[in-house]
Amino acid sequence: MYHIFRSGRTMQQLANQPDIDFKSETYKDAYSRVNAIVIEGEQEAHENYLKLAELLSEHKDDLIRLSKMESRHKKGFEACGRNLQVTPDLEFAKQFFAQLHQNFQIAAQEGKIVTCLLIQSLIIECFAIAAYNIYIPVADDFARKITEGVVKDEYSHLNFGEVWLKEHFEESKAELEEANRQNLPIVWQMLNQVADDAEVLAMEKEALVEDFMIQYGEALSNIGFNTRDIMRLSAYGLRTA
């Protein structure tokens, strides 16, 4: 990826980490859903990259490598749940991702590679990175180490979607804008849905929104959109899906 990990803010948050009882029933109840979301998110990414490998056969090896990376991340987050003796609420997580999942599947069936890449490489990846950035400073020691490793992977690996979309920007622009209009509002619904549980884990909704918008704006810029375009596209997130 071309994003920059803002370690300065993370270290400051670490220094001001609140006193959290990781073993309380309230924490573990909220964690059962948040942990399930990250597990399901990595599973979605795993499956999406495999589907993209079918659609972009000339990049099959790279996409399968990314798929395997996401599968390793999933196993790491499963270990985080076991460490706290929490069973992830995977049914909740499947519903949480249901709309993005359905939109990706429809786009794949229609051969809309640009839409698939926007959903996976921009929306899901940026959502995940934002969540990990905000979670690391308030995580338990075991989960922090796991999540830091995942973030390093996300930042050190080339973001396939950004590069492909940049190379095909002119012919992809109209479909990108339509896909953004359809899918970005879903992120706001997702953030609202997880806000209460995230607060229990000491993750502020405002910080999640800010970090996501920074990541997403950088991704749109890397692809080729100018500042005015980015502001216009980002505004769709404030609308109701």
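**A cavity and an annotated site**

The largest cavity has a lining of 28 residues, with I37, V38, F127, A131 and Y132 lying nearest its centre. Helices α2 (25–55), α3 (60–83), α6 (113–135), α9 (169–200) and α10 (205–223) are the elements that each give two or more residues to that lining. Keep in mind that this is a predicted model.

**The cavity**

- Which element gives the most to the lining of the largest cavity? That would be α6, with nine residues.
- Sorted by class, the lining of the largest cavity comes out at 21 nonpolar, three polar and four charged residues.

**The annotated site**

- An unreviewed UniProt entry puts the annotation "binding site" on E42, E70 and H73.
- These residues span 32 residues in sequence, but no two of their C-alpha atoms are more than 6.5 Å apart, so they gather at one spot.
- Of these residues, E42 and E70 are included in the lining of the largest cavity.

**A closer look at E42**

- E42 sits in helix α2 and is buried, at a relative accessible area of 3%.
- Setting aside residues up to four places away in sequence, E42 touches E70, H73, K74, F77, Y132, V150 and E154.

**A closer look at H73**

- H73 belongs to helix α3.
- Is H73 buried or exposed? With 4% relative accessibility, H73 counts as buried.
- Beyond its neighbours within four places in sequence, H73 is in contact with E42, V150, D153 and E154.

Note on methods: Residues are numbered from 1 along each chain as its sequence is written. This is a predicted model: local features need pLDDT of at least 70, side-chain atom pairs count only at pLDDT 80 or more; totals for chains, interfaces and linings use all residues. Side-chain values use heavy atoms; hydrogens and water are left out. On a 1 Å grid over the protein atoms alone, a cavity is a set of points where a 1.4 Å probe fits but cannot get out, and a pocket is an open set with protein on both sides within 12 Å along at least five of seven lines; lining residues have an atom within 4 Å of a point. Helices (H or I, at least four residues) and strands (E, at least two) are DSSP runs, numbered from the N terminus. Ala, Val, Leu, Ile, Met, Phe, Trp, Tyr, Cys and Pro count as nonpolar, Asp, Glu, Lys and Arg as charged, and the others, Gly among them, as polar. UniProt positions are given in the numbering used here, feature names are shortened, and annotations may be inferred rather than shown by experiment. Buried means under 20% relative accessible area, exposed over 50%, partly exposed in between (1.4 Å probe, protein chains only). Contact means heavy atoms within 4.5 Å.
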